[in-house]
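Let's take a walk through this model together, with the pockets and the aromatic rings as our stops.

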Amino acid sequence: MPLVVDGIAEITRLAGRDLGHSRWWEVTQKQIDAFADVSGDHQWIHTDTDRAADGPFGGTIAHGYMILSWGVPMVAELIRVTGVGMALNYGLGKVRYPAPVPVGSRVRLHAAVTAVREVGRGGVEVSRAFTFELDGSAKPACVAESLTHYYP
């Protein structure tokens, strides 16, 4: 059950709050192929299962941007913001992909609110640390700073 936060005043009190973990999501070849189709990135390491079997990872791996894009639905498992007029994805800070994500692996999101600051028009910017954990790996699949603006 996600944390429900209502309005700008409650959002401002989130700084320093650990939001916890999403459920585990399995990475399938069907998802990887679909992402390749929408992104135009058909590099063999992602889509050619025969060639990738002989490659450095022993099989295909997910696109880094595919895993990063899962931050949207995964964070929705952790927090729901109500009582605002608009929320905008403002962008990302530093993004890194420390470990490859092989097909068949599982990923989950750990998120924490690192800062909340005022922006124009009565809004606030929420900075969240995203860590996409890779089941069975000491290294995460992805780490990123996610920035969202909320307006009344």
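First, some ground rules. This is a predicted model, in which local features need pLDDT of at least 70, side-chain atom pairs count only at pLDDT 80 or more, and totals for chains, interfaces and linings use all residues. Residues are numbered from 1 along each chain as its sequence is written, and side-chain values use heavy atoms, with hydrogens and water left out.

Start with the largest pocket, which holds about 280 Å³ of space. A pocket here is an open set of points on a 1 Å grid over the protein atoms alone where a 1.4 Å probe fits, with protein on both sides within 12 Å along at least five of seven lines; lining residues have an atom within 4 Å of a point. Its volume is the space filled by probe spheres set on the points, which are joined across faces, edges and corners. Of the 15 lining residues, V72, N89, R128, S146 and T148 lie nearest the centre. Strand β5 provides the largest share of this lining, 5 residues. Strands are DSSP runs of E with at least two residues, and helices are runs of H or I with at least four, numbered from the N terminus.

Now move to the second largest pocket, with a volume of about 240 Å³. Closest to its centre are A62, H63, G64, Y65 and Y97, out of 15 lining residues. Helix α5 gives the most to this lining, with 3 residues.

Two of those names return when we look at rings. The whole structure has 3 aromatic pairs (ring centres of Phe, Tyr or the six-membered ring of Trp within 6.5 Å; planes under 30 degrees apart are stacked, over 60 edge-to-face, the rest tilted). Y65 and Y97 make an edge-to-face pair, 6.2 Å centre to centre with 90° between the planes. Y65 lies in helix α5 and Y97 in the loop between β5 and β6, so the pair ties together parts 32 residues apart in sequence. F130 and F132 are also edge-to-face, with centres 6.1 Å apart and planes at 85°.

Are these phenylalanines buried or exposed? F130 is buried at 6% relative accessibility, and F132 is buried at 0%. By contrast, Y65 is exposed at 60% (buried means under 20% relative accessible area, exposed over 50%, partly exposed in between, with a 1.4 Å probe and protein chains only).

Finally, find R96 in strand β5. R96 is partly exposed at 45% relative accessibility.
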